[in-house]
Amino acid sequence: MLELRNKSECCNFIESVKDNKHITAVVPKKNNPKVIIHDIESYFPECELVDAILRQNPTIQQCLLDTSQQMTKRFMKKTKDGVCQYAVLEVSPQIYKTMMKESKIFIGFSRCSVKSYTPVLRCFQCLGYSHVAADCQIPQHCMRCDDEHTIASCPESNTECIKCI
């Protein structure tokens, strides 16, 4: 990986290596920040989430007057106890800043807490982080003892993850 100072340096570098068969150069795509919204009423319809946020939260609605700003629902699930729901939204940086400053937003009849959402990728093949098993080149490692076999064939009896002990 190579880090360059600005966009023009990136463009110049990509142009200079485009004919080289051994080097592939791409500018990484910047991901929008994600937020998690907790304590949404369990009966609140998923299809109305974004509209309700805009309707009931004027500061967020104000951000979306700029057409470059966006808010997209990634997923919505019920909590384990089924009492309420949580949702993860991908938002533009300006909306993210507004939501973090507010820390709570209105949805339906509830005032819901908003926090930054940073998922952690974990590989269940090598037990490493920042990638998934489908992309892993390292041999299988057991979660119980860290030897090269599956957890199903592990002779160990402890029930704790080897990374957590």
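**Reading a predicted fold: a dialogue**

Mentor: In this predicted model, the protein exposes about 11800 Å², and carbon and sulfur atoms supply 53% of that area. Buried residues make up 28% of the 165 residues.

Trainee: How do you know how confident the predictor is in the protein, and which elements have the lowest and the highest mean pLDDT?

Mentor: The mean pLDDT of the protein is 88, and 95% of its residues reach 70 or more, on a scale that runs from 0 to 100. Among the elements, helix H1 (residues 7–17) has the lowest mean, 84, whereas strand E4 (residues 104–107) has the highest, 97.

Trainee: What is the order of the elements from the N terminus on, and why is the protein called more spread out than a compact globule?

Mentor: There are 4 helices and 5 strands, and from the N terminus on they run α-β-α-α-β-β-α-β-β. The globule rule gives 15 Å for 165 residues, but the radius of gyration is 22 Å, well over that value, and therefore the protein is more spread out than a compact globule. Along its principal axes, the C-alpha trace spans about 55 × 55 × 25 Å.

Trainee: Why is Ser 92 called buried?

Mentor: Buried means a relative accessible area under 20%, and Ser 92 has 3%, so Ser 92 is buried. Its place is in the loop between E3 and H4, and, leaving aside neighbours within four places in sequence, Ser 92 is in contact with Asn 32, Pro 33, Ser 68, Gln 69 and Gln 70.

Trainee: What makes E1 and E3 a pair of strands?

Mentor: Two strands pair if there are at least two bridges between them; strand E1 (residues 34–41) and strand E3 (residues 84–91) have 6, and they therefore pair, in the antiparallel sense. One of the bridges has Glu 41 facing its partner Cys 84 in E3. By the same cut-off of at least two, E1 is also joined to strand E5 (residues 110–117), which runs antiparallel to E1 over 4 bridges, and there the bridge partner of Ile 37 is Val 114.

Trainee: How many bridges join E2 to E3, and how many residues lie between them in the hairpin?

Mentor: E2 and E3 run antiparallel and are joined by 7 bridges, among them the one in which Met 71 has Val 91 of E3 as its partner. The hairpin that E2 and E3 form has 5 residues between the strands, and in its turn Gly 82 has a positive phi of about 75°.

Trainee: Which residues have the most contacts inside the largest nonpolar core?

Mentor: That core has 20 residues, and those with the most contacts inside it are Ile 37, Ile 40, Leu 49, Ile 53, Leu 89, Met 99 and Ile 107. The elements that give two or more residues to this core are E1, H2, H3, E2, E3, H4, E4 and E5. Ile 107 touches, among others beyond four places in sequence, Ile 37, Ile 40, Leu 49 and Ile 53.

Definitions and conventions: Residues numbered from 1 in each chain as written. Predicted model: local features only at pLDDT ≥ 70, side-chain atom pairs only at ≥ 80, totals over all residues. Heavy atoms only, no water. Core = buried A, V, L, I, M, F, W, Y, C linked by side-chain atoms within 4.5 Å. Buried < 20%, exposed > 50% of the residue type's maximum accessible area, 1.4 Å probe, protein only. Contact = heavy atoms within 4.5 Å. Rg over C-alpha atoms; globule rule 2.2 N^0.38 Å. Areas by Shrake-Rupley, 256 points an atom, 1.4 Å probe, with all protein chains shown as cover.
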